[in-house]
Each structure stands twice: as C-alpha cells, then as structure tokens.
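Please open the structure in a viewer and keep the selection tool at hand.

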Amino acid sequence: MRYVDQLPCAVKEENNVTIPMPDGVQLSARIWRPTASDAEPVPAVLEYIPYRKNDLTSTRDAIHHPYIAGHGYACVRVDVRGTGESEGVLLDEYLEQEQSDAETVLAWLAEQPWCDGSTGMMGISWGAFAALQVAARRPPSLRAICISSFTDDRYADDMHYLGGAMLSDNLAEAGTMFAYATCPPDPAVVGERWREMWRERMDAARPWVLEWLRHQQRDDYWRHASLSEDYSALRCPVLASSGWADGYSNAVTRLLSHVDVPRKGLIGPWSHKLPHLGEPGPAIGYLQEVVRWWDHWLKGADNGVMDGPMLKAWMQESVPPSTSYEERPGRWVGEPSWPSPNIGESVFPLLDGTLGMPDDGSEQEDRVHTVQSPLSVGQFAGKWASYNAPPDLPYDQREEDGGSLVFQTAPLAGRMEILGAPSVVVEVSADAPLAQLNVRLSDVAPDGRSTRVTYGVLNLAHRDGEEAPEALEPGRRYRVRVPLHSVAQAFPAGHRIRLSLSTSYWPLVWPAPEPVLLSVYERGSSLTLPVRPADVPQDAALAPFGEPEGCAPPAVTRLSEPEQAWTVSRDLVHYRSVLDIVKDLGLQRYEANGIETGLRAREQYSWVGEDFGSVRGESAWEMRFRRSDWDVRVDTRTVLTSDEEAFHVDATLDGYEAGRRVFSRTWNERIPRENV
C-alpha cells in the first residue's frame, strides 16, 4: 500500500466526542474533518461498529478515515452502545436500539455547523450491515452508502445458518461478541466511572449463541433488519463489494438484482477484508473509488462514477489447493447488469457414475448411488468466512472426497469460465428423518490435486422452505435443489470438474443428530453452471484500478510475538479427532494513547470416531487492556455440544483487575433441536 501524506485538505482530528441519545446514553465518537470545515461545511460519513475505536481498530481506522477526510469529508467513527467508551450495554447484534441510535447519530451529524446536512455510511462486516439496515429506514440526511462483506438476509446467508443447517461460525461469532461486549472502557476517557460501566456490561452479558439457537428457522427474529424482506425499502445509492474467499460473496449480485437504485458491485479474490487491504491479492485502490462515490452522491460532482459496468468481478484462474494465497491470478471482467446477458446456464447430468457434458445425448438411467460420510469429511473445509489469518482456506479435497459420493467430467476439451451461483438438483432418499446434503464443486488438475471452487449446504428438512421445516419420511424419494456460493472461476483445458456429495461437513457445518445413509438417483439429477464466454470484448476496455493507498497508520509497538495455528490431529488409539485454531495478536502498545492490548482467541472442534453425540465446539477468548496504573482482563469460554434431542451450552465469563478476579458467572442451558 502507498501511504499518502499530501491530501487536498488539511485535516483536524477530534477524539472522544460524545453524541447524546434520547434516553440519556452518550455514544463516543472519533472525528476527522477538514480544518476549513469550521467555515465551509462538508458532508459527513459515518462508520458505526462495536470494535473499540481507541485501540483495536485504531490502526485500520487511521488508514482510511483521514484519507477520506482529506478529500473534503467529515469522517466519524462511532462505537456502538455498550462498546469502547460508549455508554450502555450491547445485548445482541442489529437490535432496534442499535439502528435507532444510528439514526440519532446521523441527525446529530447533519446538524453540526461543520456538516452541510448530507451524510453517508460506510463499513465492512458489522459496519456494512449497519449501513444497509439503517439505509432501509430512510433517515432524511442519508444520501448514499458504501458497504463491504455484508448480507441482505440474516437467516439464509449469514454466519449462523446455511441451507437450514447450523454453521460452526454460529458459535465462533458468539464467542467473539461475548468477549467484545464485556470489555471495559478506558479510564483516561470516562474517568473513575469506568468500573461502574464495566460492571454494567458484565452484569448484562450472556452468550449470544443462546439466542441464536432459539431461532433455528426463519422467523421474525431473522426477518428484522433483513433487507430481503422488502428490497424496495432501500432508496439511496449503494456501492457494494465483497470477495470470493469471504462468506458474503452472494449478497453483492443479489443486491444488484433486486434493488432499484443507482448501484455498483465489486467482487475481488479477497477474504473478509476491505478491498484496499485485500488478501489474497491483488488489493485495489478502493479508497479512490469511495471518494469518487461520495463526490458524486454527496457533492453532486459529474465525475462519471456510474459509467461502465454495473459489476466488476475478478475471474480467478486455476490454482493448486492451498490454505492461503498471497495473490490469486486472474483478470477483471465487467457485466453491464445483473443478471447478465453474457451468462448462460449449462446443465451437466449425473450419468453412469460420472458428470456428463451438456451436449451429451445419452439418456439418464435410474441408477442409484449411496453415501454415508464419516465425520472427518469437512476437516479441510476451512472457514465459512476466510480472514486469511491464520491460513483458513480449504485444502486439497482428495481426502474429503474419500468419504463422499463423487461425479466428475472427462478432461475438458477447452477452457471454461463461470460467473455466478452454480446449483445442483438431485433426487434423494434417506434412512433417517434428518439429513444433510453437502455439495462441493472442485477443479481437478491433471496430477489429481483438487481445489474447491465453491460449495453449498442443504438441511433436507428445509427442502420446501425455511419457515416450517419438515422431517423426511425415511425411504421416500425427494427432488431437491442446492444453491452453491457465487464464484468466478476458470477451468483450463485438460482439467476436470468434480461434484462431491456428502452427508456431513463437520466442523464447518454442525452435523445431523445421527449418521444417515443417503441414496442419490441419477435420473433427474444434474449440476448447472453459470457459464460465461472467455472473450467478452468489453472486458479489455475496463479501466484499471489505482494502486491501494491510504494514510500512514500510527505507531504501534509490539511487546510480544503473535501466534497463529490451524492444526488437525487424530488419535488412532481412542479415535478422537481435533481441529485446533489459535489467533493470538500478542501484546502491543498504541503509542498515541499508551494503551497496551492483548487478544488471544482459540477455537477447538472435536469428535470421537463416528459418534455424532461426541461433537464438541469451544470458543475461548482472552482480552487484556493496561496502562501504567490500569490492568484488566476479560476471559470468556463457550462450549457447545449436542445429542439427538438438544443443544447444550456451557459458558463462563470472568473479569480481572490487577490480576484479581472481580467478576465471575456461568451458564448451563439446554435448547431443543428443531429439525436441525
């Protein structure tokens, strides 16, 4: 990244500005704005997240907020109620209170003498959710949004449930927020009342996974703040981006297809990162694009920002399997609209135990294949949403395919490119009332190495919808459709396309209550790929993105080394298998305010042999904050297990000051399974 120290506008920074809420709670903000805005008001851009502006996100914030401010905007970074130095408590994600607070913040910004009355919202992940959800409420000052790594459907396409099956990220994200929501404010900002505020947060805390487990199908809990319930609610322009390695790759094209506002989409090869910090690379000059977006929609500049394709996407070249890539080879392609007139559907039938080609004239017989996957299928699946740290992409699929039902094409005679969401239609029957169908699409090189391209999951109880799942009738034949995650991928000549079906995909997906023998019938079963020509003329005319740039981050001193681990182990005496994930950022000091922080997160997923009742997930966090006269630590631990009837949650929260435990609480709860 190129660090820029000369910007069009001189910038002033204001730390720990308080913004009053109607109930008397004060939210804490950090503001960068042009010095000249005292006399010449500018539009304001809000980022609204719960991740601690004064320390844990301060490095990242300092790269892009001063940069945008230096181009003529007041950039405002606000900690959500109950986090950082903002008062109150945070009880769950995307609650009505959170969105109402955001509307109050926007109204406050619009009234400031340095703001011209126009506002925008931007962010990644939670910040993008917040921007999209608040935009759907149509606050009067909000003119446009820029969002990355988001969803418009909180039930079907977030980190909780997928295809009606529960993701292990449901536990992992709950563990993350269990820790973040119980951290103390900084005494240097809020004074002696920091202990009272910290105690209030810990007293109100609960493991969020409890609430998420109480809503195992689509209901009003998930409908709230899901734009997919009413796309017409969005009336402001949106610049939407994500990455193929992220869990949120589907939402960009879905948004382009369903909303009727000025919109642009951008999908790179990235994991859960902003595009100017994108990993795997290539990262792009995203902040330049954001400034152009704000210049047009907040200042009325006639700068051609809406020219060119509606969607720009990175067409990924074939690569060997790896858990991490520095760069993904490929090229940018453009689509004038979505759905695109350049893309057509090609159907590959299941044929004689293989994946037939679309022009194969052979007739499908009613051949039947069976599969009962071991719990080990999925141990090389990687994360639902890659963060690229530790390396968390799917590894070589050959071991996974050993416990799967596999159909593959003959070597391709020519290059094939796809862009969009593949899907599989299969006819199946099962010997149990609850079963999963997990589908993987892989690129198989001539040497046999298999790289997962995309995947999909269906809890077969959700075959007819997400609101009222219904158990299977054992032995009965059903025709089901499984959508796979959107992707852009090239398959070279000589490679094979492989379709793999399994009945488990643990630990990415929490298993069904018991092992299942699934029968798959060839007649009526097929894979559909969104095939795109490799020589669309408009691609060559795409303007290149600029080099990634931003402002230099502030000084941070590393006090201890970080640790990253992703380890799969198997005990062949007692048949216990474990996936152990460690992300330890080490101790570091933010020189601007002297705060020292430490963050260590560990996830562990284990099972014994083929005992479906032995699956166990654990998320443990340790977060530390200290200064010369201040030393606090929060430890959280959440363990999730299950049997055929219920999920079991055991959790602990401990708070320490100067090494002495000052708070402790435990939870032990049982939540019935509901066709999951």
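The model is a predicted one.

**First stop: α1 and α10**

Select residues 58–69, which form helix α1, together with residues 286–299, which form helix α10. Their axes come within 10 Å and cross at roughly 40°. The crossing of α1 and α10 is right-handed. Next, display the side chains of I63, H64, Y67 and I68 in α1; they meet L287, Q288, V290, V291 and W294 in α10. By class, this contact of α1 with α10 comprises seven nonpolar and two polar residues, with no charged residues.

**Second stop: α2 and α3**

Now select helix α2 (residues 96–111) and helix α3 (residues 126–135), whose axes come within 10 Å and cross at roughly 75°. The two helices, α2 and α3, are therefore roughly perpendicular to each other. On α2, the contact is made by E98, Q99, A102, E103 and L106, and on α3 by W126, A130, Q133 and V134. Five nonpolar, two polar and two charged residues take part in the contact of α2 with α3.

Select R254, A421, R481, P483 and L484, which lie nearest the centre of the second largest pocket among its 38 lining residues. The volume of this pocket is about 930 Å³. Which element gives the most to the lining of the second largest pocket? Colour α9 (250–258): with five residues, α9 gives the most. By class, the lining of the second largest pocket has 15 nonpolar, 15 polar and eight charged residues.

Notes. Residues are numbered from 1 along each chain as its sequence is written. This is a predicted model: local features need pLDDT of at least 70, side-chain atom pairs count only at pLDDT 80 or more; totals for chains, interfaces and linings use all residues. Side-chain values use heavy atoms; hydrogens and water are left out. Axes are lines fitted to C-alpha atoms, for helices over the stretch in contact, and angles run from 0 to 180 degrees between N-to-C directions. Helices (H or I, at least four residues) and strands (E, at least two) are DSSP runs, numbered from the N terminus. Angles under 35 degrees count as roughly parallel, over 145 as roughly antiparallel, 65 to 115 as roughly perpendicular and the rest as oblique. Contact means heavy atoms within 4.5 Å. Ala, Val, Leu, Ile, Met, Phe, Trp, Tyr, Cys and Pro count as nonpolar, Asp, Glu, Lys and Arg as charged, and the others, Gly among them, as polar. On a 1 Å grid over the protein atoms alone, a cavity is a set of points where a 1.4 Å probe fits but cannot get out, and a pocket is an open set with protein on both sides within 12 Å along at least five of seven lines; lining residues have an atom within 4 Å of a point. Grid points are joined across faces, edges and corners, and a volume is the space filled by probe spheres set on the points. A crossing is left-handed if the near helix is turned anticlockwise from the far one by less than a right angle, and right-handed if clockwise.
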